[in-house]
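Hi everyone, thanks for coming.

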Amino acid sequence: MDIVVTPPRSLWPGLCVRPSDENQEVRERVETIISRVRADGDRALRELAYEIDGFVPDSIEVTAKEIEDACKAVDESLKSAIKDAVANIRAFHEAQMPRQIEVLTSPGVRCIQKPVAIGKVGLYVPGGTAPLFSTVLMLAVPAKIAGCREIVLCTPCGKDGKIPPAVLYAASFCGIDRIFRIGGAQAVAAMACGTRSVPRVDKIFGPGNQYVTTAKQMLGNREVAIDMPAGPSEVMVIVDRKSNPAFAAADLLSQAEHGRDSQVILLSTDASAAETISAEVERQVEVLGRAGMAKAALSQSHFVVLENEEDIIDFANIYAPEHLIISTENPWSIADRITSAGSVFVGEYAPESAGDYASGTNHTLPTGGWARSCSGVNIDSYMRKMTIQEISREGIAALTPTIVAMADAEGLQAHANAAKIRNL
């Protein structure tokens, strides 16, 4: 990682650029996949499985027997960990449940905002180099709490047709209705368009590679709602001279090991702290099982030394990280002024991995600077707010002059008549 010392503000935008994942070939390939799934449904899913993975599963949907066998194969210590994590995730998300609002805006006019769960939701859980069963928990628990009546999950299988047992156990423990062994853009297309096997859903949740992300963005523009824009993982760590270098290095590497396209940023006002942590990163990375991926991510990351705390806060809000760790002597002096981050971790004993697994907050978060305008997954992600109004004869009589004046000004005679006719 390069160390950039007191860059002028004119250079900040360049330091905030993420590794590019724009790829025209990917977009064209995803467009083709979506068209095939839309036209040919299950047949396209089977053909794509053979073309991409060289394997066609006997059944697209995971059977009850497979789930039962997978649950038996999971170690009891992992089952206990999942149970503890779910308890925390449930406690935090239950507290977010919105209430119905009723307001008498004027005599005889009652306005209501009613929270309503999204009916059918589709969850995507990546496969690849790591079985992210924790993502099952983060997506399924709030969906259940919100009251979504149907929850389906798509996740890729291996060339043997099997899904990692921990993923199936987590899905079963959370009460997922149906599970399908489909990955990539074709899984997103199946949930968005519907096939004979895979039900069409109203909203799709979950992270994925550039094919998955591109498919969500394309289909989110026209056929299905999506949770948020999301790309490669990222973390920003803010330190000072009192910070523990080993902690900071471990935090940076915990995100760098996600993939080659991940990005990590270290911010400090102390150049010596940056140098010490840089050396610690080099030491720790060598013992990681995913060192190759972590090193690739580090090669496109930065240690940035700024002049003062105000610059630190401004830079962090401009970058808008997915994860922000504030590991300084007085972390709340910074945390209270952060306005753009997916999730913030305050203090030296709050590693990003706590939020990934067990603290209770959700780890499905906006990346690529979208934290400036988007929230991470929460209960509201699974709900709609529907408004209702009840108006009495006296209420409409009082409103009519206002309605008529505004409708006439817009040239909408029928709008005015709809109010006037009730006063005849």
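Let's start with R9, which is partly exposed at 44% relative accessibility; that label covers whatever falls between buried, under 20% relative accessible area, and exposed, over 50%, using a 1.4 Å probe and protein chains only. Before I go on, a word on the source: this is a predicted model, where local features need pLDDT of at least 70 and side-chain atom pairs count only at pLDDT 80 or more, while totals for chains, interfaces and linings use all residues. Residues are numbered from 1 along each chain as its sequence is written, and side-chain values use heavy atoms, leaving out hydrogens and water.

So which residue does R9 meet in a salt bridge? The partner is D314, at 2.7 Å from N to O. By salt bridge I mean a side-chain nitrogen of Lys or Arg within 4 Å of a carboxyl oxygen of Asp or Glu. R9 sits in the loop between strand 1 (2-5) and helix 1 (12-15), and D314 in helix 12 (residues 309-319), so this pair ties together parts 305 residues apart in sequence. Helices (H or I, at least four residues) and strands (E, at least two) are DSSP runs, numbered from the N terminus. D314 is partly exposed too, with a relative accessible area of 28%.

Next, please find E329 and K242, whose closest N and O atoms are 3.3 Å apart in a salt bridge. E329 belongs to the loop between strand 12 (323-327) and helix 13 (332-335), and K242 to the loop between strand 9 (234-239) and helix 9 (245-256), so parts 87 residues apart in sequence are tied together. Is K242 buried or exposed? K242 is exposed, at 53%, while E329 is partly exposed at 48%.

E309 is partly exposed at 32%, as is R337 at 33%.

There is also a network of salt bridges linking R36, D40, R43, E47 and E51. How many salt bridges are there in the whole structure? The search finds 26.

Let's finish by zooming out. The protein chain has 16 helices and 14 strands, and buried residues make up 48% of its 424 residues. Along its principal axes, the C-alpha trace spans about 85 × 60 × 45 Å.
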